[in-house]
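Work through these exercises with the model open beside you. Try each task before you read its solution.

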Amino acid sequence: MNREEKRQIIESLAAKLNEYPHFYITDIADLNAEQTAALRRQCFEKEVCLMVVKNTLLEKALESVNKADEQLKAVLNGTTSVMFSATNKAPAQVIKEFRKSNPLGKPILKAAFVEECVYVGDQNLDMLVAIKSREELIGDIIGLLQSPAKNVISALTGAAGQKVAGIVKALEERNN
């Protein structure tokens with residue numbers, strides 16, 4: 001591979017790093033062609049972009065977009081693939097789901113860059129599967145904020161509401 005080809009690959013990786021806010025660095029070594037095709041199919045279905053990359057080229061791409069965290073650099077050894085996603089937990093779900101049918105226990109999570117945080121090690125996979133997206137968190141907050149208002153409205157429209165309405169009516173009549 002000549003210098004120009006390497007430069008193009010680095011630029012392509014940098015564009016993907018800028019395009020997708022979340023990426024997972026994984027090890028898919030020892031998967032045969034059939035297993036790799038199945039993994040790629042699952043990634044496609046979940047809108048995850050899977051790329052096998054050279055460690056040095058990925059490191060240079062990370063540096064070019066200012067995401068070259070020391071923890072990320074430390075995991076760049078051996079066979080490396082990157083899963084890019086617009087959804088924070090989609091790659092973690094793909095990994096967990098794919099492992100159910102793969103006796104090798106692959107892919108192995110080396111590191112993940114999710115919500116501007118770095119997670120290193122395969123032990124973080126379950127946590128990444130359970131992490132909520134920004135939209136889910138906003139929905140939870142809205143639900144919590146609406147709950148007290150719904151309770152007040154239901155109390156006013158229920159049996160207690162009739163008593164309150166009766167008291168208000170009695171007070172109005174008394175003032176007149």
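Contact here means heavy atoms within 4.5 Å. Keep in mind that this is a predicted model.

**Exercise 1. Find what N77 touches, leaving out residues up to four places away in sequence.**

Step 1. Locate the residue. N77 sits in the loop between α4 (70-74) and β3.

Step 2. Apply the cut-off. N77 touches N55 and K110.

Step 3. Check the separation of one pair. N77 and K110 are 33 residues apart in sequence, and their C-alpha atoms are 9.6 Å apart in space.

Step 4. Classify N77. Its relative accessibility is 45%, so N77 counts as partly exposed.

**Exercise 2. Work out how β3 is placed among its partner strands and how it is covered.**

Step 1. Take β1. It pairs with β3 in the antiparallel sense, over 5 bridges. H22 stands opposite S85 in β3.

Step 2. Take β2. It also runs antiparallel to β3, and 6 bridges join the two. C49 stands opposite F84 in β3.

Step 3. Sort the side chains. T80, V82 and F84 point one way from β3, while S81, M83 and S85 point the other way.

Step 4. Count the buried residues. In β3, 6 of its 6 residues are buried.

**Exercise 3. Find the largest nonpolar core and the elements that build it.**

Step 1. State its extent. The largest nonpolar core has 21 residues.

Step 2. Pick out the residues with the most contacts inside it. They include L17, F23, I25 and F84.

Step 3. Name the contributors. The elements giving two or more residues to this core are α1 (3-19), β1, β2 (48-53), α3 (55-64), β3 (80-85) and β4 (108-114).

Step 4. Find the other core. Apart from the largest one lies another, of 19 residues, among them C43, M83, F98 and L109.

Step 5. Return to I25. Beyond four places in sequence, its contacts include L58, L72, V75 and A111.

**Exercise 4. Show that the buried residues of α1 line one face.**

Step 1. Check the span. At 1.5 Å a residue, the 17 residues of α1 should span 24 Å, and its end C-alpha atoms are 24 Å apart, which agrees.

Step 2. List the buried residues: I10, L13, A14 and L17.

Step 3. Look down the axis. The buried residues of α1 fall within an arc of 100 degrees, so they line one face of the helix.

Step 4. Ask what lies against them. The buried residues of α1 pack against β1, β2, α3 and β3.

Step 5. Inspect the N-terminal end. N2 caps it, with a side-chain oxygen 3.0 Å from the backbone nitrogen of E4.

**Exercise 5. Repeat the analysis for α2, and say which residues are buried and which are exposed.**

Step 1. Compare the spans. Helix α2 (residues 33-45) has 13 residues and reaches 18 Å from its first C-alpha to its last, close to the 18 Å expected.

Step 2. List the buried residues: T36, L39, Q42 and C43. They cover an arc of only 120 degrees around the axis, so they are on the same side of α2.

Step 3. Find the cover. The buried residues of α2 are covered by elements including β2, β3 and α5 (90-100).

Step 4. Check both ends. N32 caps the N-terminal end of α2, with a side-chain oxygen 3.1 Å from the backbone nitrogen of E34. Just after α2, E47 takes a positive phi of about 60 degrees.

Notes
Residues are numbered from 1 along each chain as its sequence is written. This is a predicted model: local features need pLDDT of at least 70, side-chain atom pairs count only at pLDDT 80 or more; totals for chains, interfaces and linings use all residues. Side-chain values use heavy atoms; hydrogens and water are left out. A nonpolar core is a set of buried Ala, Val, Leu, Ile, Met, Phe, Trp, Tyr and Cys residues joined through side-chain atoms within 4.5 Å. Buried means under 20% relative accessible area, exposed over 50%, partly exposed in between (1.4 Å probe, protein chains only). Helices (H or I, at least four residues) and strands (E, at least two) are DSSP runs, numbered from the N terminus. Two strands pair if DSSP finds at least two bridges between them. The expected span of a helix is 1.5 Å times one less than its number of residues. The arc is that of the directions from the helix axis to the C-beta atoms. A polar contact is a pair of N or O atoms within 3.5 Å; within protein, one must be able to donate a hydrogen and the other to accept it, and residues adjacent in sequence count only if both atoms are side-chain atoms.
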